[in-house]
Amino acid sequence: MTKMLIIYELIDWIERNIHQPLSIDDVSEKSGYTKWHLQRLFKQYSGYNLAEYIRARRLSTAAIELRFCRKRVFDIALEYGFDSMQSFSRAFKQRFGISPGQYRDQPHWILSGLCPPLNVPSSGIPIQPSVKSLPDLCLLGITVTSTCSFEDVVSRREQPGFTLWQTLFKDFRIIPPVAFGLSQVKLTAEGNLEHHYFMAVSQQEKTGLRRAETMKLAGGTYLSFIYCGHASALKEFISYIYLIYLPTKRITRREGPDIELFYLNGTMPDDTITHNNNIKCDYLIPVVDLA
């Protein structure tokens, strides 16, 4: 086994155990190397200092949990290996510039400062986003709601499968040229996470939809990512955007759902899977106006 492969497997192990107490001794024992040799190899193959990487990943995962969970800040601090509220707040502010409480309460989500995990594979698709301004839209469709976990949110596993689109299109005589998928995670009053996915078309489309809902989507500025590829790899593409691309940029995500624009050309998203074809999707993330 090559040294590079050992380091990458070690990174996977660290990510799976990010909630556990992890010392350099623990990681060294897992790797089979001495502490000195392990830290040198980790720096050589990853570019990161091992202890700094573990700390940055803990703080980053804690930051995401602050945005999506109602746990007490103190409980999150303990969960990620900090022995006091003071040490957690100090480390958090050094990385993100504000306190944990301020990070949770800010209306927009500042993504810079998050440390990307080193075990997320590249989507293999060039990431060249553009800025788009959408007008207010009137949409007609149906909502699919499902419970999800914090881990599902982090890994984007909450994204639904394309076979759900059959529910929307079964009453259509003609498939519209564009379909909208609005994706949003919400926290219930009980502190549970729910994923709301609104499958829709423009209200101008003549449809035979039964029990359809109407939604007014407020316009605004979006960061647009074009995806062309197999439908089954779209989740990986979205995961790469959120976990790798956005944290390296000075991007602030505003409130509102992510939008998937599917360009159908007479076919349904689930048809593309059935026939093993590619899909074209414009993935839009609501952002604060970019100067």
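This is a predicted model: local features need pLDDT of at least 70, side-chain atom pairs count only at pLDDT 80 or more; totals for chains, interfaces and linings use all residues.
1. Now the dimensions. Helix α6 covers residues 85–96, 12 residues in all. From first C-alpha to last it reaches 16 Å, close to the 16 Å expected at 1.5 Å a residue. Just after α6 comes Gly97, with a positive phi of about 85°.

2. Aromatic rings deserve a look. The structure holds 10 aromatic pairs. One of them joins Phe42 and Tyr53. This pair is tilted, with 5.8 Å centre to centre and 50° between the planes. Phe42 lies in helix α3 (residues 35–46) and Tyr53 in helix α4, 11 residues apart, and the pair links distant parts of the chain.

3. Are the two partners buried or exposed? Phe42 has a relative accessible area of 0%, so it is buried. Tyr53 is buried too, with a relative accessible area of 0%.

4. Ring pairs also build a cluster from Phe82, Phe88, Phe92, Phe96 and Tyr103.

5. Two charges sit over rings. The charged end of Arg254 is over the ring of Tyr222, 4.9 Å from its centre. The charged end of Lys280 is over the ring of Tyr263, 5.5 Å from its centre.

Key: Residues are numbered from 1 along each chain as its sequence is written. Side-chain values use heavy atoms; hydrogens and water are left out. Helices (H or I, at least four residues) and strands (E, at least two) are DSSP runs, numbered from the N terminus. The expected span of a helix is 1.5 Å times one less than its number of residues. Rings of Phe, Tyr and Trp (its six-membered ring) pair if their centres lie within 6.5 Å; planes under 30 degrees apart count as stacked, over 60 as edge-to-face and the rest as tilted. Buried means under 20% relative accessible area, exposed over 50%, partly exposed in between (1.4 Å probe, protein chains only). A charge sits over a ring if NZ of Lys or CZ of Arg is within 6 Å of the ring centre and within 35 degrees of the ring normal.
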